[in-house]
Structure formats: structure tokens, C-alpha cells
Amino acid sequence: MATVRKRKIRVKKKNFAIFVIFVMFFVFSLYEIGFVIYKVITTSEPKVDEKVPKKKETKKETSDYEKKLKELNNVDQKVTYFRKDNIDRYLTYKRNNPDMDDIQVIKNVNMNLDLTPYDDKVKALNIGKNNILVNKYYYLDKNYVPDNLEPISKVYALSGMKLVSEAKDSFEEMCEAASNEDLSIVAMSTYRSYDYQIDLYNRYKRQDGIEKADSYSGRPGHSEHQTGLAVDVYDGELNYTSFEKTNEFNWMQEHAHEYGFILRFPKDKVDETGYVYESWHYRYVGKDIAKYIKENKISFEEYIATH
Ligand SMILES: [Zn+2]
């Protein structure tokens with residue numbers, strides 16, 4: 001009997017031990033599940049310690065930017081062509097030109113007058129359009145040839161002269177109108193390829209030295225003649241450099257814009273265009289832009305910088 005009881009007790013102990021292990025296992029599982037749930041909740045919520053410094057940073061950036069705007073007398077509210085990306089350049093330029101009007105600072109930097117010609121060049125703006133900008137800061141690739149180049153009627157041009165179709169039609173219309181007043185406008189240089197410009201520029205460079213050559217001739221890729229929208233004219237008699245003395249010049253001063261052409265390198269805009277005055281070089285920009293430039297007496301550079 002005694003051994004039977006002992007055995008029963010042993011069995012009970014064994015069951016109890018299994019029960020305890022089972023309970024421990026159950027509790028542990030609950031803990032595990034709880035832990036997983038806790039993890040899910042905490043990771044799905046934005047972390048507080050990541051959020052706070054970000055907010056602070058944005059505030060700091062804003063206030064730095066606002067400080068800069070303040071130094072520029074909040075000129076961004078006065079003009080539509082304030083370019084946020086240029087803000088540090090505006091500041092530097094303003095500090096270097098303390099007496100300059102703030103709006104002029106914005107315009108000049110937009111025209112890249114704070115940069116070094118040819119050193120800080122980027123691709124031409126508005127490629128393929130009438131408002132394409134090519135100058136000492138904007139270049140065309142070696143292989144850029146405009147679409148729709150067409151020869152100009154020999155009545156109004158030396159042989160082999162080509163312009164982009166729309167410019168060519170307008171040029172002929174302009175020449176015809178002038179000829180109705182017994183004036184003779186003749187195209188003597190129009191579209192020029194990159195390779196042609198290499199030869200031309202090198203010739204000028206040999207002849208006059210780099211500095212002088214740069215004042216009147218575009219380096220390859222930087223000549224407006226590569227756009228197919230520029231034309232050098234003369235009266236069919238005098239050398240083109242004397243075009244200013246002709247009646248044709250006076251007529252063009254009054255009427256070229258009606259046909260979408262502008263005098264591209266005016267006498268009073270040398271600093272903006274980067275080229276000496278050229279009474280013979282005209283650029284097709286379309287009638288609306290030509291009219292605006294004429295009425296506001298601005299350079300094409302300033303037009304682009306403010307639009
Ligand atoms: Zn020219």
C-alpha cells in the first residue's frame with residue numbers, strides 16, 4: 001500500500017511539474033507576442049527624436065534665407081524674376097557693388113555679369129526657339145545645326161546665305177519693304193557652322209590678339225550666327241562697318257522690330273552683351289519680343305534675365 005501511495009504522489013508531482021512548465025511556456029509566449037506588438041506600434045509611429053531636430057533645422061534654414069532676403073531689402077517681392085537659386089550670388093554681387101540699386105543687382109546676376117565670360121559656360125537657353133540665347137556664357141554644341149535652314153533670295157543676299165525658315169521669310173519681307181522706299185538691305189553673313197566659326201575666330205585672333213578678337217567675335221559655339229537667326233547686313237555698296245552711316249540703318253532703327261529683328265549689340269549695352277557696338281548685326285527674335293525690346297530700350301540679355 002505504501003509503495004502505491006508513494007507512486008501516486010510521484011505521479012502527482014510529475015503532473016504538477018508538467019503543469020508548471022506549461023504555464024511558464026504560456027506566460028513566455030504572451031510576453032513574446034506582447035513584445036512583437038509593442039515593436040510594431042513603436043516603429044510605425046514617427047520617432048520623436050528624429051522629428052524634432054528636423055523641425056529645428058528647417059526653421060534655421062528659413063531664418064538664414066530670410067536674413068539674406070532682408071540684406072537684399074526683400075527685393076524678391078518687387079520683381080517677378082528673382083531666382084531663389086541665385087540668392088548667394090545676389091548677395092556677393094551686392095556686397096561688391098554696394099551703391100547699386102537692388103533690382104539692378106538681380107538683373108545683372110541673372111545676366112551672369114558676376115561670372116567670368118567663357119569660364120562659367122552652360123548650354124544655350126531655349127534651343128530651337130526664336131528666343132534662343134547664345135553668348136559668352138551660353139554655348140551651342142559643335143554639331144548643332146538649326147532645323148529648316150533656307151536660302152535667302154539673291155535679291156536680298158549674297159549667294160549661299162541661309163536663315164531659319166521663319167527668320168528668312170521675315171527678312172525678305174523687311175528687305176522688300178525697305179526696297180519700296182528705294183533702300184537696299186543686303187545680307188552678307190547669316191548662318192555659320194561651328195567649324196566655319198573656328199576658322200573665322202582664329203583668323204581674328206591672329207590678326208588682333210585674343211582680347212580684341214573676343215570683343216567683336218564669338219568663339220566657336222558662342223556665335224549667334226550658329227543659331228541661323230542672326231544676320232549681318234550692308235547697303236550693297238559701303239563696307240558693312242559703315243552701315244551706321246546709311247539711310248538703310250536709319251530705316252532699320254525704326255522698322256526692324258516690325259519684322260521681328262533687333263539690333264543685337266547696341267552702343268549702350270556693351271557691358272551686357274559682351275560685344276562692341278555692331279550697327280550691322282541683327283537678330284531675329286519674333287515680333288512680340290522685338291517690339292518689347294525696342295519699346296523698353298533693353299538688350300536681349302536683359303530681356304531673357306527678366307522673363
Ligand atoms: Zn554678325
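## How to read the model

Because this is a predicted model, local features need pLDDT of at least 70 and side-chain atom pairs count only at pLDDT 80 or more, while totals for chains, interfaces and linings use all residues. Residues are numbered from 1 along each chain as its sequence is written, and side-chain values use heavy atoms, with hydrogens and water left out.

## The chain as a whole

Let's start with the overall picture. The chain holds eleven helices and eight strands; these are DSSP runs numbered from the N terminus, with helices being H or I of at least four residues and strands being E of at least two. Of its 307 residues, 40% count as buried. Here buried means under 20% relative accessible area, exposed means over 50%, and partly exposed lies in between (1.4 Å probe, protein chains only).

The accessible surface of the chain is about 19100 Å², and carbon and sulfur atoms own 53% of that surface. Such areas come from the Shrake-Rupley method with a 1.4 Å probe, and for residues only the protein chains shown count as cover. Among contacts in the chain with a separation of 6 or more, 60% are between residues 24 or more positions apart; contact means heavy atoms within 4.5 Å.

## Helix α4 and its surroundings

Helix α4 (residues 102-110) is largely enclosed by the rest of the structure, because seven of its nine residues are buried. Those buried residues are D102, V105, I106, K107, N108, V109 and N110. They pack against α3 (87-96) and α11 (300-305).

D102 also takes part in a salt bridge with K94, where the closest N and O atoms are 2.6 Å apart. A salt bridge is a side-chain nitrogen of Lys or Arg within 4 Å of a carboxyl oxygen of Asp or Glu. Both partners are buried: K94 has a relative accessible area of 15%, and D102 has one of 12%.

## More salt bridges

The structure holds 17 salt bridges. One of them pairs K142 with D195, with 3.7 Å between the closest N and O atoms. This pair links distant parts of the chain, 53 residues apart: K142 sits in the loop between β2 (138-139) and β3 (149-151), and D195 sits in helix α6 (residues 194-208). K142 is exposed at 56% relative accessibility, whereas D195 is partly exposed at 46%.

R219 and D214 form another salt bridge, their closest N and O atoms being 2.7 Å apart. R219 is partly exposed, with a relative accessible area of 27%, while D214 is buried at 10%.

On the surface, E181, D182, E254 and E258 gather in a patch of negative charge. Patch members have over 30% relative accessible area and no salt bridge, and like charges are joined within 9 Å. Asp and Glu count as negative, and the place of a charge is taken as CG of Asp or CD of Glu. E181 lies in the loop between α5 (165-179) and β5 (186-189) and is partly exposed at 47% relative accessibility.

D288 belongs to helix α10 (residues 287-296) and is exposed, with 69% relative accessibility. The C-alpha atoms of D288 and G260 are separated by 7.2 Å, although these residues are 28 apart along the chain.

Methods: Patches are made of residues with over 30% relative accessible area and no salt bridge: like charges are joined within 9 Å, nonpolar side chains (Val, Leu, Ile, Met, Phe, Trp, Tyr) within 5 Å.
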